[in-house]
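Please examine the structure shown below.

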Amino acid sequence: MQFNTFLQLLIGGISIGVLYALPALGITLIWNAAGIFNFANGDYVMIAAYLTYALMVTGRLPFYITLPLVIIIMFFFGICMEWLVVENLRRKKKLHNTMVSFIALSITLRYAARFIWGTKPLTYKNPFGVSPVQVGSLFIMPHVFWIIGICLVLMLLLTFLYKKTRLGIAMRATTQNRTSAALMGVKTRKITNLVFGLSASIAGVAGALSGCLFYASMEMGLSFGTKAFAGLIVGGFGNPVGAVIGGLIVGVVETFGAALVSSSMKDIITYVLLLCFLLFRPKGLFKQEIVEKV
């Protein structure tokens with residue numbers, strides 16, 4: 001393989017990997033804050049992709065308006081889903097049923113999308129242009145720069161929120177010990193609700209940007225959910241940094257596998273990678289370390 005080809009595949013793999021990293025990061029935030037695995041997070045990406053199609057094609061809105069709208073809509077959508085599923089189960093003291101409930105939500109969202117938009121895959125015009133940009137001897141599509149740039153800015157903003165703000169401190173306190181945080185005055189109920197909204201808005205970014213690479217379809221929810229889960233296992237379950245790096249690794253491995261083996265084998269290659277980590281390094285590359293102080 002020539003070095004230029006290697007770089008071309010690497011950059012393309014990173015652009016796909018960051019899209020996998022976003023829902024993986026959203027799942028991690030919910031798991032750390034509430035101890036709940038959101039099996040429907042991949043379908044949030046699907047709903048966001050369909051919303052982007054509806055706003056851009058049906059509503060004829062430009063992408064720079066569509067993207068913030070999708071983020072806002074998905075934020076409130078995530079809050080509503082938390083109230084509908086988690087809070088109702090919490091009131092009934094049946095939180096052990098959340099796994100089944102989110103699987104049911106995933107199926108419901110998939111068939112709701114089928115009812116509204118049909119079974120035919122939908123696509124919208126690439127908002128970043130279709131003429132490749134020459135960088136040295138490489139030819140790179142403009143959306144690759146935009147996807148990597150937007151996702152990088154989003155991750156930096158999330159890092160600032162998590163590390164430097166009072167809200168982030170409350171989120172970290174809820175993550176480490178929900179009971180102790182509540183005793184110290186943190187409104188853990190509102191924090192959990194906010195995290196669900198934040199997770200859905202992150203998935204919204206992935207869904208809006210995915211139209212540049214994929215079609216909006218029912219199957220993409222399952223695909224993104226599976227790749228996000230693989231990224232979590234590879235990076236280290238519960239570790240936000242691991243979720244991002246794991247998603248990047250899955251994207252790069254998938255891209256190189258499709259180029260070197262076959263595009264029809266890329267999903268199988270991802271599952272083989274997932275299986276290898278489950279067998280030989282189940283804690284992932286970055287084990288989540290929790291320090292308790294007395």
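A residue is called buried when its relative accessible area is under 20%, exposed when it is over 50%, and partly exposed in between, using a 1.4 Å probe and protein chains only. Thr 192 counts as buried because its relative accessibility is 1%. This residue is found in helix H8 (residues 188-210); helices (H or I, at least four residues) and strands (E, at least two) are DSSP runs, numbered from the N terminus. Leaving out residues up to four places away in sequence, Thr 192 touches Ala 33, Ala 34, Glu 82, Arg 90 and Arg 178, where contact means heavy atoms within 4.5 Å.

The model is predicted, so local features need pLDDT of at least 70 and side-chain atom pairs count only at pLDDT 80 or more, while totals for chains, interfaces and linings use all residues. Residues are numbered from 1 along each chain as its sequence is written, and side-chain values use heavy atoms, with hydrogens and water left out. The mean pLDDT of the chain, the predictor's confidence in each residue from 0 to 100, is 85, and 97% of the residues reach 70 or more. Over residues 290-294 the pLDDT is below 50, and this stretch has 1 contact in the model beyond near neighbours in sequence.

In soluble globular proteins, nonpolar side chains tend to be buried together. A nonpolar core is a set of buried Ala, Val, Leu, Ile, Met, Phe, Trp, Tyr and Cys residues joined through side-chain atoms within 4.5 Å. The largest such core has 73 residues, of which Leu 22, Tyr 44, Met 74, Phe 102, Leu 105 and Leu 209 touch the most other members. Beyond four places in sequence, the contacts of Tyr 44 include Met 74, Phe 102, Leu 105 and Ala 203. A second, separate core of 6 residues includes Ala 24, Phe 37, Leu 232 and Ala 243.

Trp 83, in helix H3 (residues 63-91), counts as partly exposed because its relative accessibility is 45%. Its contacts, apart from residues up to four places away in sequence, are Asn 88, Arg 91, Arg 189 and Asn 193. Arg 60, in the loop between H2 and H3, counts as exposed at 73% relative accessibility. Most residues other than glycine have a negative phi. Arg 60 has a positive phi of about 55 degrees, although it is not a glycine.

How many salt bridges does a search of the whole structure find? The search finds 3, a salt bridge being a side-chain nitrogen of Lys or Arg within 4 Å of a carboxyl oxygen of Asp or Glu. Arg 110 pairs with Asp 43, their closest N and O atoms being 3.2 Å apart. This pair links helix H4 to helix H2 across 67 residues of the chain. Asp 43 is buried, with a relative accessible area of 1%, and Arg 110 is buried at 19%.

Lys 227 forms a salt bridge with Glu 254, with closest N and O atoms 2.6 Å apart. Glu 254 lies in helix H10 (residues 240-260) and Lys 227 in helix H9 (residues 219-235), so the pair ties together parts that are 27 residues apart in sequence. Lys 227 also meets Asp 267 in a salt bridge (3.0 Å, N to O). Through shared partners, salt bridges join Lys 227, Glu 254 and Asp 267 into one network.
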